[in-house]
Amino acid sequence: MKKIIFACFMGIFLVSIAASAESVKDVIKETIEKETKAFLDKDIEAWSSYWLHEKYVSHTTINSFFINEKISWDSIYVSMKKYVDNEKDVLNLKFVGEFDINISGNMASVIATQEQKTYMFGKDRVFSSDIKYLLKKTDSGWKIISLTVVNKSSYENSDFINEFRMNWIGYNFLSKDKIDEAIKIFQLNTEMFPMASNTWDSLAEVYMKKGDYKKATEYYKKSFELDPKNTNAKKMIEKMKAEKP
């Protein structure tokens, strides 16, 4: 009889522990979802309340083009506030799939997947990223101490990604005022992807910077023909008309 009672007690005890663990996981998931919502709402103060404000916290973004790493709360906050203040578009971002949550003492690791829908290069695009969080339990709840975003879509082998990579190289040259090198890259991109509005837009931009308004106007018109939603092309054409002596 004592063995039966003990077994029942242990069963209830283990079920209670399991339920408690699931409850903690729900709290952690809710913390991450609220942090993301605050960011999307551009509520920087609410967003910051879900982070631990210490020197060792980090925020890292990784894709096939670059790695952007911010270490220390001050650095992360300044960078994020600048982004929120300057970003005009509303980010269409959401979590997909289940959260993989592992808890060890007062620390928790979480792996989740996000998808972002955006209009880019003449089409609606969906970008997928794996995100890893590290959280620490404090007196005021679970706080994020590390966030790493790995953009999986940037590693895909597709025409869009290859076009994007070529454009990235061209803008690297342009940022260093290497105009002729940038022209060669953008020109090659138009030859590889002649039906892509963005390739012509980039080629037009570099010729505009060079001062060749005739070619810049020609290529902006080509870009606009391929993508009537490219209002930037129209604006640049009007700008050049106004500046032309």
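A contact here means heavy atoms within 4.5 Å, and the term is used in that sense throughout this report. The model is a predicted one, in which local features need pLDDT of at least 70 and side-chain atom pairs count only at pLDDT 80 or more, while totals for chains, interfaces and linings use all residues. Residues are numbered from 1 along each chain as its sequence is written, and side-chain values use heavy atoms, with hydrogens and water left out.

**Overall layout**

The protein has 8 helices and 6 strands, where helices (H or I, at least four residues) and strands (E, at least two) are DSSP runs numbered from the N terminus. Read from the N terminus, the order of elements is α-α-β-β-α-β-β-β-β-α-α-α-α-α. Of the 245 residues, 36% count as buried, a word that stands for under 20% relative accessible area, with exposed meaning over 50% and partly exposed lying in between (1.4 Å probe, protein chains only). Among the contacts with a separation of 6 or more, 49% are made by residues 24 or more positions apart.

**The paired strands**

Two strands are taken as paired if DSSP finds at least two bridges between them, and strand E4 (107-120) takes part in both pairings listed below.

| Strand pair | Direction | Bridges | Positive phi in the hairpin |
|---|---|---|---|
| E4 and E5 | antiparallel | 14 | Phe121, about 55° |

**Two nonpolar cores**

A nonpolar core is a set of buried Ala, Val, Leu, Ile, Met, Phe, Trp, Tyr and Cys residues joined through side-chain atoms within 4.5 Å. The largest such core has 26 residues, of which Ile28, Trp47, Trp51, Val110, Tyr133 and Leu135 touch the most other members. Two or more residues of this core come from each of helix H1 (2-40), helix H2 (44-48), helix H3 (73-86), E3, E4, E5 and strand E6 (141-151), and E6 provides the largest share, 5 residues. A second, separate core of 18 residues includes Leu174, Phe186, Ala204 and Met236.

**The helical part**

Helix H4 (residues 159-175) has 17 residues and should span 24 Å at 1.5 Å a residue, which agrees with the 24 Å between its end C-alpha atoms; the expected span is 1.5 Å times one less than the number of residues. Its buried residues are Phe160, Ile161, Glu163, Met166, Asn167, Gly170 and Leu174, and they pack against E4, strand E5 (123-138), helix H5 (179-192) and H6. Just after H4, Asp177 takes a positive phi of about 60°.

Thr199 lies in helix H6 (residues 197-210) and is buried, with a relative accessible area of 0%. Leaving aside residues up to four places away in sequence, Thr199 touches Glu163, Phe186, Asn189, Thr190 and Phe193, and its side chain reaches the backbone oxygen of Phe193 at 3.3 Å.

Ala216 belongs to helix H7 (residues 213-226) and is likewise buried, at a relative accessible area of 0%. With residues up to four places away in sequence again left out, Ala216 touches Ala204, Tyr207, Met208 and Met240. The C-alpha atoms of Ala216 and Ile237 are separated by 8.1 Å, although these residues are 21 residues apart along the chain.

Definitions and conventions:
Polar contact = N/O pair within 3.5 Å; in protein donor to acceptor, adjacent residues only side chain to side chain.
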